[in-house]
Amino acid sequence: MSSQPWSVARSRRHRHAALFTTALTLPALALTACGTDTAAPGTPADTGRLSGPSAGTGTSGGTSGAPAPSTSTRSTSTPPVTTPSAPRTTGSGGTGAKSVRTAVYFLHGEKVSPAPRAVTAPATATAAVRALLAGPNGYEARHGRTTAVPSGTRLRSLVIRNHVATVDLSGRYDDGGGSLSMQERLAQVVFTVTRFPTVHKVAFEIDGKPVHHFGGEGIVLNGPVGRADFENVSPAVLAESPLIGDTVRTPLRVWGSADTFEAEFRLKVTDTTGHTAADVLVRATSGTGTRGTFDVTFPYKAARTGPGLLTAYFVSPADGRPVTVDTVPLTVNR
């Protein structure tokens, strides 16, 4: 993995001061009117048309951004509580507006965790960031999802050019919190925006000014950042689908990314009775210090329909005990 373009320095200087002479200046990207997504001439617009790897035992795809969900995944649906059920991309009345299912990234423990949202095209990345800033809903909060983004943070604008999204946020965004909190809130925005395949990295601005020095903890941004730059706040197994609150049926498709010992881990489905409906071994495309991707489909046998759980875990090479990486609450259909 490439070296991180940000570092932590102990300094109390203003966030826009140049702490290191070697720090690179973020490119000054033209801003659009608040609330729009714009791509440079010749660059595909951010339509939110997400396409993912084909079902199978594993896929390759790099680590600059997670693969996006398939347009025909039988195992997921829009969660209760969050939004009305909607297809991944649908027409809306006679206006031509389309509803797109995407995800915003909150925190589960101290790691990023995706949650489903429906946004309206074409300003899908803008709408996704605004949904992120609104925070977890009640269902998600009851299942341990939190956010490091300060309440009251506003999105001023979002511009996409040459696969880089420049996200301009209000000054509230870098208020308070220690080094971990600052990394988490940066990661939340980066993961949310790079969910869209037209975006590979994110450049940050605060109140219209490029960010070189983020927060009081001295995080220096040397340029646009991507998912690989936040491995320390990424779970060892990041399930990108199904998402929290989804309703699933057998066979179940699960895809995402992982960095585990020898690229191996396990996925377990538990039904509403506590019965283990499935427990399968999964191998990602890479591991042991390098994040790879995975995409598996497997059957399960639930005793009864109701609230269930998808658990990602690995067996400790030290003592053979199961180590839970993350859990995703689901509605499991028999």
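**A chat about the fold**

Reply: Let's start at one spot: A263 has a relative accessibility of 5%, so it counts as buried. Keep in mind that this is a predicted model.

Me: Where does A263 sit?

Reply: A263 is in the loop between β14 and β15. Its phi is positive, about 65°, even though A263 is not a glycine.

Me: Which residue has a phi near 70°?

Reply: That's H163, again a residue other than glycine with a positive value. H163 lies in the loop between β6 (155-161) and β7 (164-169).

Me: What does a relative accessibility of 32% make H163?

Reply: Partly exposed. The cut-offs explain that label, because buried means under 20% and exposed means over 50%, with partly exposed in between.

Me: Switching topic. How many helices and strands are there in the protein chain?

Reply: The protein chain has 3 helices and 19 strands. It counts 334 residues, and buried ones make up 53% of them.

Me: What about contacts along the sequence?

Reply: Take the contacts with a separation of 6 or more: 68% of them are between residues 24 or more positions apart.

Me: How many residues are in the largest nonpolar core?

Reply: There are 69 residues in it, and the ones with the most contacts inside the core are Y173, V193, F204, V254, L267 and F294. Helix α3 (residues 179-193) gives the largest share of this core, 7 residues.

Me: Which strands does β14 pair with?

Reply: It belongs to an open sheet of 3 strands in the order β12-β14-β17, with antiparallel pairing. β12 (237-241) and β17 (292-298) are at the edges with a single partner strand each, so one side of each has no neighbour in the sheet. On average, neighbouring strands here are turned by 30° against each other, direction ignored.

Me: How many bridges join β14 to β17?

Reply: 7 bridges, and the two strands run antiparallel. For example, W255 is opposite D295 in β17, and S257 has T293 as its bridge partner there.

Me: And on the β12 side?

Reply: β12 and β14 pair over 4 bridges, also in the antiparallel sense. A239 is the residue opposite G256 of β14.

Me: Is α1 buried or exposed?

Reply: α1 is largely enclosed by the rest of the structure, because 8 of its 11 residues are buried. Those are T124, A125, T126, A128, V129, A131, L132 and L133.

Me: What covers the buried residues of α1?

Reply: The cover includes β3 (97-108), β4, β6, β7 and α3. Just after α1 comes G135, which has a positive phi of about 85°.

Me: Last one. Where is T270, and what does it touch?

Reply: T270 is in strand β15 (residues 264-270). With 17% relative accessibility, T270 counts as buried, because the cut-off for buried is under 20%. Setting aside neighbours within four places in sequence, T270 is in contact with H275, A277, G308, L309 and V332.

How values were computed: Residues numbered from 1 in each chain as written. Predicted model: local features only at pLDDT ≥ 70, side-chain atom pairs only at ≥ 80, totals over all residues. Heavy atoms only, no water. Core = buried A, V, L, I, M, F, W, Y, C linked by side-chain atoms within 4.5 Å. Buried < 20%, exposed > 50% of the residue type's maximum accessible area, 1.4 Å probe, protein only. Contact = heavy atoms within 4.5 Å. Pairing = 2+ DSSP bridges. Axes fitted to C-alpha atoms, helices over the stretch in contact; angles between N-to-C directions.
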